[in-house]
Amino acid sequence: MIKWVFSCLLIGLPFLPETVYAAVGIDAITVTSNPKGGETYTVTIQILALMTMLTLLPALLLSMTSFTRIMIVLGLLRQAIGAAQAPSNQVLLGLSLFLTIFIMMPVLEKVNETAVQPYMEEKIDAMTALQNASAPFKQFMLKQTREADLDTFVRISGREQIDKPEDVPFSLLVPAYVTSELKTAFQIGFLIFLPFLVIDLVVASVLMSMGMMMLSPMIVSLPFKIMLFVLADGWTMVMEMLAASFYV
């Protein structure tokens, strides 16, 4: 029965009017010109661009915001305390994400004011909105990028010396920014490690002097490190230090 119905459909398909074919198809790309000279893309292209942005959001989050530094510092802090899975990766990820939103809020407000709202009100086209949105991120990354890292990638790319920081393309700024963030994160992590390292050395020396060589110093020092971190209000200090490090 199914084969008979399918055969009838195949036989009758060539005799359908052309209007039916036109109704079935949907225009994938439609570009209309604005009165101001700009171009507006069809909703299909806009949805495709939005879905593409959603897939690239993790990479953008890692490479153009403060997320990298925060996540690395919190991971090193957990290792310095000696707690294997406390706090868990989900807790660190959520804390890093919300702290990133807090730090990046001035940049996001500029993007919303200069790019998102004018584009939603159809005052500017998509390309102008993209250029306006990239300017605040570029300014933020330039403030956090070391000149040595930027000069390194300029030299690797074979370009001539760039006169103004505003002329640096994103293809050079993003890797230089990520490299600079890695350096800063490990420097902060080193400073965080020092007090916990002192506690480990003291506990290990006491256990050795008592002849308790079979007892792991990590088991004894862990409660002392947690107590020190809590009494010093460590989480608040780390969050405040991370937020202040982007606006010094």
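**Exercise 1. Find where Lys225 sits, and work out whether Lys225 is buried or exposed.**

Start with the element: Lys225 belongs to helix α9, residues 217-231. Helices here are DSSP runs of H or I with at least four residues, strands are E runs of at least two, and both are numbered from the N terminus. This is a predicted model, where local features need pLDDT of at least 70, side-chain atom pairs count only at pLDDT 80 or more, and totals for chains, interfaces and linings use all residues. Residues are numbered from 1 along each chain as its sequence is written, and side-chain values use heavy atoms, with hydrogens and water left out.

Next, check the accessibility. Lys225 has a relative accessible area of 1%, so it's buried. Buried means under 20% relative accessible area, exposed means over 50%, and partly exposed is in between (1.4 Å probe, protein chains only).

Last, look at the neighbours. Leaving aside residues up to four places away in sequence, Lys225 touches Ala80, Ile81, Gly82, Phe196, Ile199, Asp200 and Met218. A contact here is heavy atoms within 4.5 Å.

**Exercise 2. Classify the ring pair of Phe140 and Phe246.**

A search of the whole structure turns up 4 aromatic pairs. Rings of Phe, Tyr and Trp (its six-membered ring) pair if their centres lie within 6.5 Å; planes under 30 degrees apart are stacked, over 60 edge-to-face, and the rest tilted. For Phe140 and Phe246, the centres are 6.1 Å apart and the planes are at 20°, so this pair is stacked.

Now place the partners: Phe140 is in helix α6 (residues 126-144) and Phe246 in the segment after α10 (234-244), so the pair ties together parts 106 residues apart in sequence. Phe140 is buried at 6% relative accessible area, and Phe246 is buried too, at 4%.

**Exercise 3. Explore what surrounds Phe246.**

First, the rings: Phe140, Tyr177 and Phe246 are linked into a cluster by ring pairs.

Then the charge: the charged end of Arg69 sits over the Phe246 ring, 3.9 Å from its centre. That takes NZ of Lys or CZ of Arg within 6 Å of the ring centre and within 35 degrees of the ring normal.

Finally, Glu181, in helix α8 (residues 170-209), is buried at 1% relative accessible area. Its contacts, not counting residues up to four places away in sequence, are Ser66, Arg69, Gln144 and Phe246.
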